[in-house]
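This report is for a reader new to the structure.

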Amino acid sequence: MLTSFRTFASRAVPALVCLLTAAAALAQAPAAPPPWKQGISADQANSTLHPFAPHMTGRSSKDLPLDKLKVPAGFKVEVWAEGVPEARSLALGDKGTVFVSNRLAKNVYAVVDKGGTREVKTLLKGLNSPNGVAFSKGTLYVAERNRISRYDGIEASLDNPPEGKVVIDGLDPQNQPGHFWKFLAMGPDGKLYYNVGAPGNIVMPGYFQATISRVDPKSGVVETVAQGVRNSVGFDWNPQSKQLWFTEHGRDWLSEDSPSDELNVVKTKGQHFGYPFCHQGDTLDPEFGKNRDCKEFTPPVVKLGAHVAPLGMRFYNGKMFPAEYRNNIFIARHGSWNRTAKQGYDVVRVSFDAGGKPKMQPFLTGFLQDEKADPPMWGRPVDVLVMKDGAMLVSDDYNGIIYRISYGKK
Amino acid sequence: MAAALCFFAADAVSADEVPRKAEPCFVCHGPGGNSTIPTNPSLAGHPAQAIAMQLYQFREGNRKDPQMSPMASTLSNAEMNELAAYFSRQKPAAPSHKTAPENATAGPKLAQQFNCVQCHGPRLLGQQHIPRLAGQQHEYLLAQLRKFKAQTRADLDGNMTSAAQALTNRDVEVLADYLAGLSVQ
């Protein structure tokens with residue numbers, strides 16, 4: 001108990017902070033709540049809201065109401081591949097292989113296009129929350145909760161992949177209870193970018209937590225790119241400015257409509273985006289925001305909606321969609337659980353007018369059936385990927401299915 | 001022995017066709033998934049996703065059991081889905097367990113206090129990936145709650161382990177007695 005008291009006083013170790021914060025929050029039960037309940041207030045204790053679990057064995061598209069899926073006029077959406085259980089982040093190989101990650105499960109899949117059909121190979125097995133996948137110059141990079149590994153020449157050995165070589169280890173030294181899964185992307189600078197989320201819903205993070213960092217795969221040297229980022233599970237570079245844009249999940253158990261989840265841009269390396277002190281650029285946290293001012297932190301460019309869980313995002317750089325879609329941002333919104341009237345479960349398109357004013361509009365909808373039902377949805381987008389022909393893939397971890405959105409005759 | 005069980009099973013289960021691969025399950029889990037062996041859970045009437053989830057957990061080695069681990073190891077995802085759909089459609093038998101009167105009063109209070117109803121549903125019939133508790137085998141309920149409390153039973157997201165930490169040994173006994181006798185209507 002003495003250790004706990006010291007930790008409470010210093011707020012140094014997130015895992016124990018989680019325990020103490022829980023003890024303060026829950027009047028009756030002295031034990032730690034699950035990470036998703038951390039930070040719940042006494043008057044919310046009887047809430048029936050809870051996160052959803054994917055169908056870990058996947059579901060067959062023939063059992064799903066695919067006819068409910070909607071895209072704008074001129075576009076078409078169809079099932080591209082199924083039988084990819086808990087399909088999460090997407091990466092594209094030079095030869096057209098689509099790599100698909102897992103978060104709660106342990107595999108990385110390689111989907112090969114055989115013309116009319118797709119062949120799903122279980123490429124890697126038994127990994128530790130391998131949510132991040134990135135492909136660059138023939139190499140597949142995989143970010144597990146604790147390390148990033150590389151698999152060179154992977155597309156020539158999909159049926160017999162090489163052993164991974166570790167790029168960097170020790171990314172999860174405390175086996176943190178929450179937000180330990182990573183998104184991974186190769187930057188224009190040749191460095192691998194990844195997130196380390198806050199270990200709980202609303203806690204003081206350790207110095208390497210609630211950040212986006214990058215590592216040089218040649219030297220293994222890490223740099224902090226952005227701080228005060230509660231958890232980002234999707235980022236990409238603006239093709240024109242080369243700046244890093246990222247989605248971010250706001251805290252839970254504050255209110256139904258606040259704070260919003262965010263779309264942010266890093267203009268200067270090391271910028272602080274507010275967590276845990278200030279949310280959505282203008283809302284001080286009731287606990288951590290005391291004696292702080294939101295002016296100190298970088299606000300979001302776009303508020304994406306409260307609890308919508310934005311995950312993967314890409315700038316559209318293909319030639320298939322109409323010209324006005326070029327360089328727009330497409331964001332997969334996994335969908336809410338911490339809200340009575342559920343929202344999200346779609347892909348949205350963010351565009352900017354000549355003056356830089358953002359506009360967000362729906363792009364792929366139809367997964368949400370009944371905002372008050374439990375569950376409210378039949379599918380949940382996780383990531384988007386622009387293919388060589390300019391079509392867009394969308395992964396759905398709830399069903400283990402990947403959809404393809406195309407425009408025009410293709 | 002298996003043939004006799006199959007014959008018996010054909011009388012006892014719902015009219016819809018029994019998938020061949022469900023028949024071995026009856027040996028331990030009872031005809032149609034209504035268990036008559038106190039340590040073995042009933043499967044009838046659980047949400048399909050809950051059954052598929054546990055088969056998945058056994059196959060992936062997240063949850064370990066000397067009988068279930070080998071049984072699940074040969075199942076494909078499609079087979080798990082088929083078994084789960086079948087058992088979810090079976091009618092759960094009325095519980096034969098009789099809850100002690102004091103636990104019939106105390107049980108519902110604990111189910112509210114410890115938020116069981118929050119995930120398992122207001123009548124504890126389960127939903128989505130969360131199993132039915134009402135009318136489940138008494139010994140099985142005791143064993144699982146104790147394992148969650150001892151942190152030796154896997155769960156996908158840590159919820160049950162965390163929930164069980166708050167329970168005293170007495171709470172576990174009261175809850176198991178209450179749940180095992182709870183109507184499944």
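Which residues of the largest nonpolar core touch the most other members?

## Nonpolar cores

The model is predicted. Its largest nonpolar core has 83 residues, and those that touch the most other members are Leu184(A), Ile331(A), Leu393(A) and Val394(A). Val394(A), leaving aside its neighbours within four places in sequence, is in contact with Ala332(A), Val347(A), Leu364(A), Pro381(A), Val384(A), Ile402(A), Tyr403(A) and Ile405(A).

There is also a second, separate core, made up of 22 residues. Leu43(B), Ala44(B), Tyr56(B) and Ala84(B) are among them.

## Packing of H3(B) and H5(B)

The axes of H3(B) and H5(B) lie 8 Å apart, and the two helices pack at an angle of about 140 degrees. H3(B) is therefore oblique to H5(B). Their crossing is right-handed.

On the H3(B) side, the contact is made by Ala48(B), Ile51(B), Ala52(B), Leu55(B) and Tyr56(B). H5(B) brings Met80(B), Asn81(B), Leu83(B), Ala84(B), Ala85(B), Phe87(B) and Ser88(B). By class, the residues of this helix contact are 10 nonpolar, two polar and no charged.

## Contact between chains A and B

Chain A gives 19 residues to the contact between the chains, and chain B gives 20 residues. On the side of chain B that touches chain A, at least two residues each come from helix H3 (48-59), helix H5 (77-89), helix H7 (116-120) and helix H9 (159-165) of chain B. H3(B) gives the most to this side, with four residues.

The side of chain B that touches chain A has 12 polar, seven nonpolar and one charged residues.

Key: Residues are numbered from 1 along each chain as its sequence is written. Chains are lettered from A and ligands numbered from 1 in the order in which they are written. This is a predicted model: local features need pLDDT of at least 70, side-chain atom pairs count only at pLDDT 80 or more; totals for chains, interfaces and linings use all residues. Two residues are in contact if their C-beta atoms, placed from the backbone, lie within 7 Å. Ala, Val, Leu, Ile, Met, Phe, Trp, Tyr, Cys and Pro count as nonpolar, Asp, Glu, Lys and Arg as charged, and the others, Gly among them, as polar. A nonpolar core is a set of buried Ala, Val, Leu, Ile, Met, Phe, Trp, Tyr and Cys residues joined through C-beta atoms within 7 Å. A residue is buried if 20 or more other C-beta atoms lie within 10 Å of its own, exposed if 12 or fewer, and partly exposed in between; C-beta atoms are placed from the backbone. Axes are lines fitted to C-alpha atoms, for helices over the stretch in contact, and angles run from 0 to 180 degrees between N-to-C directions. Angles under 35 degrees count as roughly parallel, over 145 as roughly antiparallel, 65 to 115 as roughly perpendicular and the rest as oblique. A crossing is left-handed if the near helix is turned anticlockwise from the far one by less than a right angle, and right-handed if clockwise.
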